[in-house]
Every structure is written in structure tokens, then in C-alpha cells.
Amino acid sequence: MDKLKDNKKDSPTISRRNFLIGSAAAIGGTALLGSYKDASASKEFSGWPDRFGCLTDLTACVGCRSCEKACNEANNLPKPAVPFDEGSVFKEKRRPTAQAYTVVNQYKNPKDMSKPIYRKIQCNHCNEPACASACPIHAYTKTPEGAVLYDPEKCFGCRYCMIACPFYVPAYDYESAFEPKIVKCVMCHDRIKTGGIPACAEACPVSAVTFGKRNDLIKVARKKIMENPDRYIDHIYGEHEAGGTSWMYISGVPFEQLDFPVNLPKNPLIEETKGFLSAVPVVFTVWPAMFGMVYAALRHREEIEKNSRHKKEEDRHE
Amino acid sequence: MSNGSLTKTENFRSWFMNKLLMGMSWSEYSRRLITPFNIVAAIILSIGIPVIAIRFMNGLASVTHASNEYPWGILLGWGLFGGVPLSATGFVMGTAYYIFGFKGYKPLVRLGILTGFMGYLFAVIYLMTDLGRPWRIYYPMIIGFGTASVLFLVAWHVATYLTVQFIEFSEAILEWLKSRRVYKWATMVIIGMTIAGIILSTLHQSALGALFLLAPGKMHPLWYSSYLPHLFLSSSIYAALAMVIVVSTLIAKFMRSAADNNFLGNIDRLTIGLGKGACIGMFVYFVLKLVGIAHDNNWHLLATPYGKWFTVEILGFVLMPAMILTYGVKKSSAGIVRFGAFYAVSGVILNRINVSIIAFNWNLPDHLHHIIPPWQEVAIVAAIATIHILIFRWIVNRMPVVREHPEYREFH
């Protein structure tokens, strides 16, 4: 009888404790993850409808580096050590740096050795940018106009965006001790907003870079490929790569020969982490209940054992 | 009046000597500091601290590779990715003791929590050395919320968990300071804190693996697996058990005077128990690794050079230490288990280096040449690791970590 009473007295204590643990965790959980729903909300998002983009025709580029020069001037970047009309820079493969938003590299042309292929590199302004998905402070924005912009005032310099970018685009200003920041192409966003076009596209003497609405550019590219099947391979790079990009390319040789990453999934890279992020709320809700229960159950058993020990001792005394 | 202030000074003096100098006088204490270990530590610090100062005055480019292709080097590869799984000790020991009721492991619980707390604290210190603008470290909490970012989750969870572990360890600090009122409060919240610790650890241990899911094009397919979060979590659990063995072994060997008989007398038995847990965890992890290859059907890659290195990792640094641990447990030999534990810990570090440094950007030309760190980066890592050990030792010497405080025994 005594034992029964004891048990009764105990059980509410346990459940109250459990309840407290559960509710504390629930509050903490909401605070910590209330906002992860964003990760899956973007599932339906297929990009801003009227966003702009560029189409680079790699068969047209002559490697004059006018785009590099125009970009440098339009964006007030530091003057390079080697002037823009110097051809020796093609001896090595370059990449965008903290001093240059865009660079042009030279490749051998397997079809015609006398006419090398030139590849212009700059930010591709992804439809769903991996850099923006990576940033823990939301320093990146995909603008409705198409450009992916970065705000140095928010950035604390973890450089996860550089890890995430499948195109090796963001560069970091490692030289600066107190104001280091990410540097990358902004698709001349200010010029576009006032009706202009990117400086590189404007400067190109052979119209290798076409500016326009992304949807139109895809049509232009298709048409070019269809009308010149000997000149182009049947692939618009950037139409689908990593969820699609605002900057796209057409080429006469397979893109892997020009060091384009060709091992990228068709889906935006954020899809790769969605599964993990969607498990987060489950852990927050199931774990406390499960481990709280285990704790309560073990304490309960201890209690029963203690009581039966008491009882035995009492019996012995009697 | 002057008498009163004299007593006060005297009181402070005795408090200072008791608490900070471990009951010795200044001269005695400073004489005791001259040991071979401390001399080596002083040399490492005298090189590393100036390098850290240069990094903060002249920027990252002055001391690191500062590469646009390789934004993360050994500061994070070793300090964050290597350090965090070895700091799962707090959550694993806390869960075992407070939740599952493994009461016999009491002598190792506080050691586990301290190892975990210090590990996280120093992971943050490595991170802050590497961040471009470390003074903005709180930005993910206040300035902008990158809610779709795995790193946002890591930032929040590591910050919260650091607080949780501090509260868990505060029990020992309060006993050291003999504060009874706050102490009672601290012991009351410990179950809640332990469960919070399980949630946060589960998520951010796996999140560290999930960070790399965003770079499918850059990772070697053998290390890039959709199982990365599970692999990171699973290996952190056995890493924690092995790490408790490693730390307790070092204390039993080099810091005997800080430990009581309850610790020293039970350590062999507990080591074997932990070893049993660790080897089960390692076999689970090993199978998960194989499932990961099978899931992506990457068997053919094992014959490539990177595949051979992968094989070295999973056979030489997972299966092999797991078998040594199993053998040690079977033979009830604490010595063999200890060897297996050191081996297992090195395997976890190797795995994290492989994921974050070797497998990342493997397809870039001259990759293996690029990942060799400059000596300055090594000096920074060595200095931070040395400070880590010194502070850890300072705490274990003074606070009741591997010994019970006589006045508080009744509470436990």
C-alpha cells in the first residue's frame, strides 16, 4: 500500500519535469530555427521573370582584353601592373582576383591551331547562387535585374561563399588587415538600372558579349546554334548548370576543354543541403522527447528499486 | 580601520595563494614552473604569438597562403573540423552519465565536459584567427540571418552550445570558488543543459559535414557523399569516447597530483568500458562509409590514386584502430585500448583533413602542392594548441575536475 502511494506521489513529479524540459526545448527550438522554412520555400522559385543576363560567344572573342580594360575603368579598380594590351598575360591561366572582376584566358583551338580560343571569366550570376546560400549573414542578394550583389558591410570574412561557388569566382582581399572583403563582378548593376549595359559588353569590338533578358538570350543562342551547326556545339553553358546562370556561353569546342566545370548538378546547389536542413526541426522536437523519456524511465526504475530495497529492509526488521 | 584593511589584504593573499598558486608562495610557484614541457611551450609561443600579431596587423596575406581557390587552410581544417569532433566529449559523457545513468563513469564526466568546452572555445579561437573581420563574429546573430546557410546553423549552435557547456562546467568552477547559492542553481539545470547539448551537438557535428554538400563539383566523389552529415556525426561519437581515453591517460601520466584515488583507481576499468563503446561506434562508422561508396556506386574509384588514399584512411585509420580496440577490450588490457584510442583519434583528425583539405579542389592542377601550408600557418596552429593545453592544465590543477571537492561530495 505504502509503495503504491509512493509511486503515485512520484509520477506527477516526473511528468512535470519532463514537461518543463520539453517546453524549454520547444521554446529554444523555435528561437533557433523558426526561420529554416525559407530553405524549402524557395523550392517554387524559378528566378526573377525579367532578369537580365549576358551571352558570351566564345567563337567570336579575339582576346583583345578590351572588356578587362572597360571593366577596370567602370568599376574604379586598381590599375594592373601589366597593361591591358600586353599579350604575355596569356602564358598562364588567370582567374578573377581582388583587383580584377573579369579576366580572359587563352586556349589552344583543336580545330584551327592558328586561331586560339579565348575564354572570358567573371561572375555568372546564378539564378539561385550558391554563394548566397552559403552566406551565414545574408550578405549576398540576387537582384530582380539579375546581378548577384555582395554587401561588404555585413560580411565577417568566413569565405564559405568562395568554397561554395562552383565557378571559382569570388576573390578575397587578403591584403587588407582591417577591411578585407569579397570582390566579384557586379554585372554593372548601377548601369543596368539606369538603362545601360555592362561595360565589358559595351566595349567588346566583335560583339562577343550580348546583353539582354535571359529568356531572350537563350532564344538567341538556340538560333545561332541551329543556324551554324558547324560553328557551335549543341550546348548553352549556363542554361541549366547549377540551376542556371544569368551569364551564359556558347562555344565551338566542348566546354571541359576550356576549363569550365562540367561536373555540376542541374539543380541549384542549395538542393544538396536541403535534406539536411529539413532534418533540423525533427531533431529539435524528437530528441528532447526521446532523451527526456529515457531519463524519466531510468529515474523511475531507480525509484522502484529503491522502494523494493526499503521494503525488504523493513521486512527484515519486522 | 587599518587593522581591518590589513585583514582584508591578508585574506586576499591567502585566497590568491590558495586558488591561483595552488597553496604555494610566489617564489615556490615560479620555481615549479620551470619544466621541460613549459620551456618547449615557451619557445612555441615566442614564435607563434608574434606571427598571430602580424596576422592581425598586416592581414591574412602576410602569414597565410591567402589563395582564392583555397579559402580554408589548416587553421580551419585542424582547428575547427579536427577540433570539434574531438570535443564531442562533453555531450557524449554528459549523456551517458546524466541521461542513460552510467553512474560508474562519474570520475570522467567533468573531464569530458571540460575537454568539450575547451575544445569548442578553441575552435572559435582558430576560427577568429581565420575570419577576415573577427570583430564581427556576432553578425550572424544580430546583423543578418542567412537562414538557408548551413554555416548559419553552425554559428548559432556552436555559440549556444558553448554557453551550455559553460553552464555544465560551472558546477566545478563554483565548487572551486565555494559559492553554494549559485551552485544549487547550476546543479538543477544540468539535465536540461545535457539534453540541449544532445540536440545542439547532433546538429552541428553533422552540419560541419553538411557544409561541404554545397560544393559537389569541387569535392572528390569518394569523400563527397550525401551521407557526409551522418558520417561526421557518427565519427564524432567514437572520437569523443577515444578522446576521453586520451585525455585521461595523459592526466594519469603527467598530472597525477591533480587527480584523486577515485579517478586513478578506476581509470583502467573505465578505459576498457569506453574502449568497448568506441569500437562499436567505429564499426558502425566503417559500415556507414562502405554504404556511402555503395550508394553512389563509387567502387571503381578505389583503384585511382585518391581511391588508394581513401582506402588507407578507412582501412588503416578506421578498421585497424577499431580492431586494436576490440582486441584490447577482449584481453581487458587498458594499455592496448589506450593505444587504440590514440590511433582512433588520429584517424578522425585525418578524416577531417581529408575532407576539408585533401578532397577539396582535388581536380585543380597542382592541388597537392597548393595545400602545403606555409610555416607561419603552422606556427599559429602550434601556438594556439599550446595555449589550449596550458589553460586546460591550469584548470585541471585548480578546479575539481578529476577529483571530488571534499565539501561537495554529498551533492553528487
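Trainee: In which loop of chain A is Met187(A) found?

Mentor: In this predicted model, Met187(A) counts as buried because it has 30 C-beta neighbours inside 10 Å. Its phi is near 55°, a positive value in a residue other than glycine. The residue is found in the loop between β7 (182-183) and α6 (189-193) of chain A.

Trainee: How many helices and strands are there in chain A?

Mentor: Chain A has 318 residues, of which 39% count as buried. Among its contacts with a separation of 6 or more, 64% are between residues 24 or more positions apart. As for helices and strands, chain A has 9 helices and 9 strands.

Trainee: Which residue in β3(A) is the bridge partner of Val103(A)?

Mentor: Strand β2 (residues 103-107) of chain A is joined to β3(A) by 5 bridges, and the two run antiparallel. The bridge partner of Val103(A) in β3(A) is Ile121(A).

Trainee: Does Arg119(A) count as buried or exposed?

Mentor: Arg119(A) lies in strand β3 of chain A. Leaving aside neighbours within four places in sequence, it is in contact with Leu58(A), Val104(A), Asn105(A), Tyr107(A) and Leu258(A). The C-alpha atoms of Arg119(A) and Gly63(A), 56 residues apart along the chain, are separated by 8.0 Å. With 21 C-beta neighbours inside 10 Å, where 20 or more are required, Arg119(A) counts as buried.

Trainee: Which element gives the most to the side of chain A that touches chain B?

Mentor: In the contact between the chains, 57 residues of chain A meet 50 residues of chain B. Elements that each supply at least two residues of that side of chain A include α1 (2-33), α2 (37-41) and α9 (271-317). The element that gives the most, with 14 residues, is α9(A).

Trainee: Which residues touch the most other members of the largest nonpolar core?

Mentor: This core has 197 residues, and its largest share, 16 residues, comes from helix α12 (residues 228-254) of chain B. Domain 1 (2-34 + 278-312) and domain 2 (49-269) of chain A both give residues to the core, so it lies between them. The residues that touch the most other members are Ala164(A) and Ala242(B).

Trainee: Which elements of chain B do the buried residues of α17(B) pack against?

Mentor: Helix α17 (residues 375-398) of chain B has 24 residues and reaches 35 Å from its first C-alpha to its last, close to the 34 Å expected. Its buried residues include Glu377(B), Ile380(B), Phe392(B) and Val396(B). The buried residues of α17(B) pack against α3 (36-58), α4 (74-79), α7 (106-130) and α12.

Trainee: Does Asn297(B) count as buried or exposed?

Mentor: Asn297(B) is found in the loop between α13 (261-296) and α14 (305-330) of chain B. The C-alpha atoms of Asn297(B) and Leu222(B), 75 residues apart along the chain, are separated by 9.7 Å. With 8 C-beta neighbours inside 10 Å, where 12 or fewer are required, Asn297(B) counts as exposed.

Key
Residues numbered from 1 in each chain as written. Chains lettered and ligands numbered in written order. Predicted model: local features only at pLDDT ≥ 70, side-chain atom pairs only at ≥ 80, totals over all residues. Pairing = 2+ DSSP bridges. Helix = DSSP H or I, 4+ residues; strand = E, 2+ residues; numbered from the N terminus. Contact = placed C-beta atoms within 7 Å. Core = buried A, V, L, I, M, F, W, Y, C linked by C-beta atoms within 7 Å. Domains from an automatic or database assignment. Expected span 1.5 Å × (residues − 1).
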